[in-house]
Amino acid sequence: MADDEQRPVRPTELVTSAMRSRSVASVINQLRDMIINRRLLPGQQIRQEEMARVLGISRVPLREALRVLTTEGLLTHRPHQGYFITRLSAEELEQIGNLLEFLETELLRTVRWPNEDELAQLHAINRKIVKAAHDADVSAVNTLNRQLHTQIFRLSSLGIYLTEAEKFWTLSEPYRLLHVATTDATVAIEQHEQLIDALAAQDRGLCLRLLAHHRRETHAAALTMLARDQGDLSGLAAG
């Protein structure tokens with residue numbers, strides 16, 4: 001056998017690699033959840049040794065997870081300092097809002113009309129939002145809200161647009177969650193029902209108008225939350 005012939009991969013190596021991938025994915029999901037639900041605040045530094053201890057993991061999967069979340073924009077890496085939770089400025093959030101307006105409009109403009117089963121699924125998600133709001137489960141309301149919008153946009157064939165939209169949703173989600181936590185969910189729930197009914201009626205113009213109104217309210221609230229958040233953080237720094 002030639003010396004440079006590739007060595008076969010042992011089954012144990014495949015298992016170890018798969019387990020490592022699952023471990024990193026789990027850490028990514030845990031950290032992302034902590035950021036979105038504001039257990040880690042904008043501007044806060046992640047101290048790797050402490051975080052590894054909190055999560056009960058080694059620093060190897062943690063470092064990989066930090067790199068992934070940096071590419072998503074949720075974390076910012078500063079040379080010789082470490083990783084910090086990204087703190088958006090009002091201008092950055094405004095840019096995200098403008099990009100989402102374009103992406104979401106194009107997605108909704110190109111969706112195919114949902115069938116009865118798909119409409120029933122959308123109504124079911126909205127009913128879950130009603131229950132989560134009644135239970136004051138802010139995280140569940142936020143997750144289900146994103147699930148409903150994603151399910152509608154997946155009816156479009158513009159996969160790259162959807163991928164980009166999801167990236168910007170994640171980046172702005174901590175501020176969206178503040179909006180969810182401090183506003184009456186019944187307004188969004190009613191807007192969802194109107195949008196689903198417009199989809200059922202195959203009225204694209206109405207769909208686009210409803211989405212634009214819904215997005216404007218959410219974005220304005222997120223900007224308000226950002227301003228309040230920055231004020232709170234400035235107060236903490238001054239103290």
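Start with Thr170 and Arg146: in this predicted model, their side chains are joined by a polar contact of 3.0 Å. Thr170 is found in helix H7, and its relative accessibility is 9%, so Thr170 counts as buried, the cut-off being under 20%. If you skip residues up to four places away in sequence, what does Thr170 touch? You'll find Arg32, Glu72, Leu74 and Arg146 on that list.

Now look at Trp169, which lies in helix H7 too. With a relative accessibility of 5%, Trp169 falls under the 20% cut-off and therefore counts as buried. Its side chain has a polar partner as well: the side chain of Glu104, at 2.8 Å. Leave out the neighbours within four places in sequence, and the contacts of Trp169 are Leu100, Glu104, Arg146, Thr150, Phe153, Leu162 and Arg176.

Next, follow Trp169 across to helix H4. Gly97 is 72 residues away from Trp169 in sequence, yet the C-alpha to C-alpha distance is 9.4 Å. Helix H4 covers residues 90-109, 20 residues in total. From first C-alpha to last, H4 reaches 28 Å, close to the 28 Å you'd expect at 1.5 Å a residue. Which residues of H4 are buried? They are Leu93, Ile96, Gly97, Leu100, Leu103, Glu104, Glu106, Leu107 and Leu108.

Last stop, the second largest pocket. Rolling a probe the size of a water molecule over the atoms shows where empty space is left. Here, about 300 Å³ of space lies in the second largest pocket. Of its 15 lining residues, Arg32, Ile36, Thr143, Arg146 and Glu173 are the closest to the centre.

Where does the lining come from? Helix H1 (11-36), helix H6 (138-153) and helix H7 (159-182) each supply at least two residues, and H6 gives the most, with 6. Sorted by class, the lining of this pocket has 8 polar, 5 charged and 2 nonpolar residues.

Key. Residues are numbered from 1 along each chain as its sequence is written. This is a predicted model: local features need pLDDT of at least 70, side-chain atom pairs count only at pLDDT 80 or more; totals for chains, interfaces and linings use all residues. Side-chain values use heavy atoms; hydrogens and water are left out. On a 1 Å grid over the protein atoms alone, a cavity is a set of points where a 1.4 Å probe fits but cannot get out, and a pocket is an open set with protein on both sides within 12 Å along at least five of seven lines; lining residues have an atom within 4 Å of a point. Grid points are joined across faces, edges and corners, and a volume is the space filled by probe spheres set on the points. Helices (H or I, at least four residues) and strands (E, at least two) are DSSP runs, numbered from the N terminus. Ala, Val, Leu, Ile, Met, Phe, Trp, Tyr, Cys and Pro count as nonpolar, Asp, Glu, Lys and Arg as charged, and the others, Gly among them, as polar. The expected span of a helix is 1.5 Å times one less than its number of residues. Buried means under 20% relative accessible area, exposed over 50%, partly exposed in between (1.4 Å probe, protein chains only). Contact means heavy atoms within 4.5 Å. A polar contact is a pair of N or O atoms within 3.5 Å; within protein, one must be able to donate a hydrogen and the other to accept it, and residues adjacent in sequence count only if both atoms are side-chain atoms.
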